[in-house]
Amino acid sequence: MSKTALAYLVSLFLLGGAVVLGVTVGTVPISPRVIWDPSSDTAAANILWNIRMPRVVLAGLVGAALAIAGAAFQGLLKNPLADPYTLGVSSGAAVGAVMTLFFGISIPFLGMFTLPVISMIGALITMLAVMGFARLVDRSMKMETVILTGIIFSSFLGSIMSLMIALTGEELRQIIGWLLGSVSMRGWPYVQMALPFILGGSFVLWLYRRELNAMLFGEERAQHLGVDVKRSKMAILIGGSVLTGSAVAVSGTIGFVGLVVPHMTRLLWGSDHRHLLPLSFINGAALLIVCDLVARMIISPTELPIGVITAFIGAPVFAFIFFRQRRGGL
């Protein structure tokens, strides 16, 4: 068996195991048999298919979206610390979502898709602003410059969100919990809302897998290899922003998934984006399903925000990658 085939087999096995655990483990244990034979226990089947399964599917979609977006951003910027959270893109998407709720925005022909669309626009504007400002500060776009610019924009956007929350009544104060990240009690409508954008954004990034490989050698070399660098960069930024915006719109801000998953996948299975992107998609889904399970079980019956769990995992990994970068990869 080739290394690539093994990578897909292991990743799919982990995802399948995460899904089974996610729908069967809880305050009410459910037998795995109910998954393929709902008639064996109708009460358990109702809990599984109407409460747990949409939650698991949504967690999987959000994790997949953030992981594949992180893999694309890291490849584009040649920077292992780049992900939607550290670049401030998640904050831009969150501001778009909060503004939609704050002003009660509803675009007639979009309907329920108003929220993810405006989140995507916020994510894209933030991504372009971060890249533009970082280039103004440092033409060479060093790792530290891009990350610090992302932190600056993230802090500024966070203050805008805090201001909007402070100016509203109690109903929007609940959004603070949402901003910490959660897929609790979302249901199938949220899956339907996010699914087309996540699949579309992932497909766009996959179309540019060869261009991402070429850009690992530098933009000049990629251009000599026949890559339209400007168009490719814009398409990758748009695809990553669509994924981030749609994920944030349905789950709130969940950090570090887009940093940890692509980095670990690259270490284990290599940096070829033809496989790195789909493997990150699968592993990101598995990781967030497990993180959501831990978030709802660790202090049951109280639930932790899922962002707390991912930060516990992601912050040490971020520190480790940063240490290796500063020490010259030693």
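**Salt bridges and confidence**

Mentor: Let's start with aspartate 292 and arginine 55, whose side chains form a salt bridge (a side-chain nitrogen of Lys or Arg within 4 Å of a carboxyl oxygen of Asp or Glu), with N to O at 2.8 Å. This is a predicted model, where local features need pLDDT of at least 70, side-chain atom pairs count only at pLDDT 80 or more, and totals for chains, interfaces and linings use all residues. Residues are numbered from 1 along each chain as its sequence is written, and side-chain values use heavy atoms, with hydrogens and water left out.

Trainee: Which residue forms a salt bridge with lysine 233?

Mentor: Lysine 233 is itself buried, at 17% relative accessibility. Its closest N and O atoms in the bridge are 3.0 Å apart, and the partner is glutamate 219.

Trainee: Which residues are linked with Arg55 in a network of salt bridges?

Mentor: Arginine 55 also meets glutamate 303 in a salt bridge, at 2.9 Å, N to O. The network joins Arg55 with Asp292, Arg296 and Glu303.

Trainee: In which helix is confidence highest?

Mentor: We go by pLDDT, the predictor's confidence in each residue, from 0 to 100. The chain averages 88. Helices (H or I, at least four residues) are DSSP runs, numbered from the N terminus. The lowest mean, 59, belongs to helix H7, and the highest, 96, to helix H14.

Notes. Helices (H or I, at least four residues) and strands (E, at least two) are DSSP runs, numbered from the N terminus. Buried means under 20% relative accessible area, exposed over 50%, partly exposed in between (1.4 Å probe, protein chains only).
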